Amino acid sequence: MRFPLALTAKIARHIIKHKVARTPKFALVLQLEPLHTCNLTCTGCGRIREYSTSLKDMMSLEDCLQSAVECEAPMVSICGGEPLIYPKIEELIAGILEQGRIVYVCTNGMFMRKKMRDYLAATYSAGSEATLQKLLAEKLITEKDAETIRKGKNDGRPVIRPTKWMYWNVHVDGLEYTHDLIVEREGVFKECVEAIRMAKALGYQVATNTTVYKETDVQELENMFEFFSSMEVDGHTISPGYDYDSAKKDMVKRLGRQPEDFFLTRAMTRAKFAKIQEWGERFTIFGTPVYQEFLAGKRELTCTAWAIPTRNVKGWKAPCYLMTDGHYGGYQEMLQKVNWEKYGVVDGVARDPRCENCMVHCGYDPSGALGTNYKRGDNWKNFRYNFAAKPKPDPRGKLVKAFNGVSIGKGHLAEAKAAINSPRAAANGAQSVFFRREESAPAVSGGGCSTGDSSERDNLLAKIQQAKDSQH
Ligand code: SF4
Ligand code: SF4
């Protein structure tokens, strides 16, 4: 099975319960953002702009747990910001698991190994030595780490343990060169890979989480799936990027270019996702086949953003994870007060211009599961996809040159910075992105992993290319 039986059954029961009760709108997945603080400052992070004034604020543990109870979603995706920075992340994960929900920890991967070392320390016994030796041999922990683990951990706090009810959901937007460029730090991809290897060695479930942008090379994506599949990663979430309207207007006004020069339009998304169904057969792609058909341009779906609500320090964010027209005090209040008819794209016509090019999973994946725009055979299609044998690890992944950046001595961020900081590039105004980052980015910044805001990232990549072209 692509998704474990117990988890599938839990979600199916939840949907059937609400269908029988004829509940008009209900939550399937809660996107919980306990904080917006982050250790990285990714170019494409939408949260940095939107919540820049509340980066230091956090939801209380009680509020976080209560939010899950309130919306009753069977699945909670803990994101942010970087959720592993949340001081009570262990208590939060344990609390949501105790509520009987499935947990996804959406992380940039940088603190995963630390959290897993804590787990090893808390459970250390003489019998753990074989595992420690294996991790040492694979250079996933150091001798010093092993010594610390052997001392144990008895502070009375929970640790993040492997369980079939939890997934690490690691943000990777490409192979080393691309991913490090996007997150603006060399070495992040390598750390993600090591964290994933360690997680798999310890029996955790791991998924990857990828956003597709205008510049995303489809072949690279396929190679990335092959690579992670060969590491026996348990699944992949993939979604097209979303372009904020304000950024779009800014690009048009300031640079006099058409939106399609920079942004992923619906037509472009469909082209990028043309092979999604083939990938769904080869790799464990999470999401329904109905949503995959939508991404590939084979059908229309209606947005059901209310099924994946976002709760953060400001309240319940409406209408969706990406767009903010308001925050509400409660999930039911949000459901009642928001005019949902104003949003989404129906039969190719955007009800709100900001929705025009949106095909993101948080708006449309639940539509496939909930039977919105139902077509005969959809249920069988969804059932068959989930219950079919899980695709085997792809042997081609072993041949993929995943470490094509800093690991082979290519200081790619330096190259990128040099390109856009060159005098000619400066004359073109290309210095702005890195300049702004270096001058004004706080040591600790914030945002939501793979929020899909491609505006700054596209801007940056376009300028790097422009600067390189002008140098030749
Ligand atoms: S179409 Fe996209 S941007 Fe519009 S409400 Fe739905 S999820 Fe949000
Ligand atoms: S996308 Fe945002 S939250 Fe995620 S790692 Fe980057 S800066 Fe942090």
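Why does Asn373 count as partly exposed? Asn373 has 17 other C-beta atoms within 10 Å, so it is partly exposed. The cut-offs behind that word are these: with C-beta atoms placed from the backbone, a residue is buried if 20 or more other C-beta atoms lie within 10 Å of its own, exposed if 12 or fewer, and partly exposed in between.

A word on the model before the close-ups. This is a predicted model, in which local features need pLDDT of at least 70 and side-chain atom pairs count only at pLDDT 80 or more, while totals for chains, interfaces and linings use all residues. Residues are numbered from 1 along each chain as its sequence is written, and chains are lettered from A and ligands numbered from 1 in the order in which they are written.

**View 1. The whole chain, before zooming in.**
The protein chain holds 21 helices and 13 strands. Both are DSSP runs numbered from the N terminus, helices being H or I with at least four residues and strands being E with at least two. Of the 472 residues in the chain, 48% are buried. Take the contacts with a separation of 6 or more: 82% of them link residues 24 or more positions apart. Here, two residues are in contact if their C-beta atoms, placed from the backbone, lie within 7 Å.

**View 2. The shell around ligand 1.**
Here 14 residues surround ligand 1, and the closest are Cys303, Cys320, Cys355, Cys358 and Gly363. Being near the ligand means that a residue's C-beta atom, placed from the backbone, lies within 6 Å of it. By class, the shell has 11 nonpolar residues, two polar and one charged. For these classes, Ala, Val, Leu, Ile, Met, Phe, Trp, Tyr, Cys and Pro count as nonpolar, Asp, Glu, Lys and Arg as charged, and the others, Gly among them, as polar.

**View 3. Helix 16 and what covers it.**
Gly363 turns up again here, as one of the buried residues of helix 16. This helix spans residues 361-370 and is mostly covered, with 10 of its 10 residues buried. The cover includes helix 1 (5-20), strand 1 (29-32), strand 7 (235-240), helix 14 (289-295) and helix 17 (378-387). Just after helix 16 comes Gly371, with a positive phi of about 80°. Our opening residue, Asn373, sits in the loop between helix 16 and helix 17. Its phi is near 55°, a positive value in a residue other than glycine.

**View 4. The largest nonpolar core.**
A nonpolar core is a set of buried Ala, Val, Leu, Ile, Met, Phe, Trp, Tyr and Cys residues joined through C-beta atoms within 7 Å. The largest one here has 111 residues, and Ala27, Ala73, Val76, Ile78, Val103, Ala199 and Val206 touch the most other members. Helix 9 (residues 188-202) supplies the largest share of this core, eight residues. Zoom in on Val76: neighbours within four places in sequence aside, Val76 is in contact with Leu30, Leu32, Ala68, Ile96, Arg101 and Val103.

**View 5. Helix 8 against helix 9.**
Helix 8 (residues 176-183) packs on helix 9 at an angle of about 110°, and the axes are 8 Å apart. The axes are lines fitted to C-alpha atoms, for helices over the stretch in contact, and angles run from 0 to 180 degrees between N-to-C directions. Helix 8 and helix 9 are therefore roughly perpendicular, a label for angles of 65 to 115 degrees (under 35 is roughly parallel, over 145 roughly antiparallel, and the rest oblique). Glu176, His179, Asp180 and Val183 of helix 8 meet Val188, Phe189 and Lys190 of helix 9. That contact has three nonpolar, one polar and three charged residues. In the loop between the two helices you'll find Glu184, which has a positive phi of about 60° although it is not a glycine. Glu184 counts as buried because 23 C-beta neighbours lie inside 10 Å.

**View 6. Two cis peptide bonds.**
One cis bond joins Gly80 and Gly81, with omega about 15°. Gly81 belongs to the loop between strand 3 (75-78) and helix 4 (89-98). Another cis bond joins Ala318 and Pro319, with omega about 5°, and Pro319 lies in strand 9 (residues 315-319).
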